[in-house]
Amino acid sequence: MTEIEIGRAKRARRVYSFDDVAIVPSRRTRDPEDVSITWKIDAFTFDIPLLAAPMDSVMSPETAIGFGKLGGLGVLDLEGLWTRYDDPAPLLAQIADLPAKQATAKLQEIYREPVKGTLIKERLQQIREAGVPVAGALSPQRTQQFMNDVLEAGTDLFVIRGTTVSAEHVSRNQEPLNLKQFIYELDVPVIVGGAATYTAALHLMRTGAAGVLVGFGGGAASTTRRVLGIHAPMATAIADVAGARRDYLDESGGRYVHVIADGGIGTSGDLVKAIASGADAVMIGAALARATDAPGRGWHWGAEARHEKLPRGNRVQVGQVAPMAEIVAGPADSADGISNLTGALRHSMATTGYSELKEFQRAEMVVAPYTPTA
């Protein structure tokens, strides 16, 4: 591992973002139609290795249903507007029209409305009735409070998602969530994260999680690096967590935990590099917030932006480029990598000679910082 001396008392290792690495074609190519991008986790099989991020600008019950019909997994934020208000449409319109200087304060005000267990049940049942896989997300702080409502509604996969999630959280003020006990007692596959290091991911895998989210403050709407000074370049973070997956597979006698990239996936090229770095699937937010049918109306924000005491994100304008179906599966009418995400993945796999996602994780990569041309 390459280390650099920052000063006499501090050393750091060299790490890489998606822009720092590239995939190298092999000697063999394939027909893109012969490539499989199917993803399996627990008892569920998905046509595409994509999860829609649990963010109000991305997922509503309706878009979660639509995304499920496209072959992915839509994850609803169970602490978002749809579980706080009977009809959040006027509030979404208000958020889209806010002047930039008022956006954070207004988001904080809107999200002070309490989460309602009855609405959690209604929203999840609405998705279930549509016949697509059901997934909802809670923060570690709210998981125990609302878990009974989630279970009563019925969910196929459950996501515990925070900026960072630890298997060993310590608090003098409240009883922390015991992840290992919680997952053991829950009869539902759990995806948990974020994690950005080998050690943190290995600890989460040992709790019994079915999947680990990789990322920390790398999304388009996040300012975690600016506010907290914390950042995890994604190519290295995914490769580190993939290493934990490999070692845990041996340690556990064959239990495979899925690695899911979460953050920094803005284009189809980022998606491809995430899989090649070792991810089994990718959670996308900003890429889907650009959809003309996304709830955010061309704006994008996450839970960090509404934090009551220390906001670590903004409402950012991403624009509207195409319906969600075209962003996911094309056809694309531009060459900027923001539409036909799955088509790009198929073509990259075909160009490098791989027919399945697991094989593509072994693709050769080089360090080649990207310099955009005018």
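## Basis of the values

Residues are numbered from 1 along each chain as its sequence is written, and side-chain values use heavy atoms, with hydrogens and water left out. Because the model is predicted, local features need pLDDT of at least 70 and side-chain atom pairs count only at pLDDT 80 or more, whereas totals for chains, interfaces and linings use all residues.

## Salt bridges

Side chains of opposite charge can pair when their charged atoms come close. With a salt bridge taken as a side-chain nitrogen of Lys or Arg within 4 Å of a carboxyl oxygen of Asp or Glu, the count comes to 14 salt bridges. One of them joins Glu 3 and Arg 11, with an N to O distance of 3.2 Å, and Glu 3, Glu 5 and Arg 11 are linked in a network of such contacts. Glu 3 is partly exposed at a relative accessible area of 46%, and Arg 11 is also partly exposed, at 47%; here buried means under 20% relative accessible area, exposed over 50%, and partly exposed in between, for a 1.4 Å probe and protein chains only.

In another salt bridge, the closest N and O atoms of Asp 77 and Arg 306 are 3.4 Å apart. Asp 77 lies in strand E7 (residues 73-77) and Arg 306 in the loop between strand E14 (299-300) and strand E15 (316-317), so the pair ties together parts that are 229 residues apart in sequence. Both Asp 77 and Arg 306 are buried. Asp 247 and Arg 246 form a salt bridge with their closest N and O atoms 3.1 Å apart; Asp 247 is partly exposed at 27%, while Arg 246 is exposed at 52%.

## Strand E13 and its partners

Helices (H or I, at least four residues) and strands (E, at least two) are DSSP runs numbered from the N terminus, and two strands pair if DSSP finds at least two bridges between them. Strand E13 (residues 281-284) pairs in the parallel sense with strand E6 (residues 50-52) over three bridges, where Leu 50 has Val 282 as its bridge partner. Strand E12 (residues 258-262) also runs parallel to E13 and is joined to E13 by three bridges, with Ile 260 standing opposite Ala 281. From E12 the chain crosses through helix H10 (residues 268-277) to E13 in a right-handed β-α-β crossover, right-handed meaning that, with the strands pointing away from the viewer, the path from the first strand over the helix to the second runs clockwise.

In a regular strand the side chains alternate between the two faces of the sheet. In E13, Ala 281 and Met 283 point one way and Val 282 and Ile 284 the other way, and all are buried.
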